[in-house]
Amino acid sequence: MDYVSALVPPVVMAVFFTILVRTIVKSQGGPNKAKEDAAVDEVLARAEAANQTPHGSGA
């Protein structure tokens, strides 16, 4: 029975990792892609606008 207790944690982790990878792959592209791209573009535009605004009098 020691072999069963030795094999359970790696098997559980392998199943969890497989489910995680499948979830990540399925969530890429499709209708979610446009939303994700728009969110990234908005964040980049805000960061660029913040960098272009003058800060103080330039002493």
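One salt bridge is counted in this predicted model, a salt bridge being a side-chain nitrogen of Lys or Arg within 4 Å of a carboxyl oxygen of Asp or Glu. The chain has two helices and zero strands; helices (H or I, at least four residues) and strands (E, at least two) are DSSP runs, numbered from the N terminus. Residues are numbered from 1 along each chain as its sequence is written. In this predicted model local features need pLDDT of at least 70 and side-chain atom pairs count only at pLDDT 80 or more, while totals for chains, interfaces and linings use all residues, and side-chain values use heavy atoms, with hydrogens and water left out.

**Salt bridge**
- Arg46 and Glu42 form the salt bridge, at 2.7 Å from N to O.
- Both residues lie in helix H2 (residues 31-52), four residues apart, about one turn of the helix.
- Arg46 is exposed at 59% relative accessible area, whereas Glu42 is partly exposed at 42% (buried is under 20%, exposed over 50%, partly exposed in between, with a 1.4 Å probe and protein chains only).

**Helix H1**
- H1 has 26 residues and spans 39 Å from first to last C-alpha, close to the 38 Å expected at 1.5 Å a residue; the expected span is 1.5 Å times one less than the number of residues.
- At Val8, H1 bends by about 30°, and Pro9 follows within four residues; the bend is the angle between axes fitted to the seven residues ending there and the seven starting there.
- Gly29 follows H1 and has a positive phi, near 75°.

**Surface**
- Buried residues make up 0% of the 59 residues in the chain.
- The accessible surface of the chain is about 5400 Å², with 69% belonging to carbon and sulfur atoms (Shrake-Rupley method, 1.4 Å probe; for residues, only the protein chains shown count as cover).
- Tyr3 lies in helix H1 (residues 2-27) and is exposed, at 57% relative accessibility.
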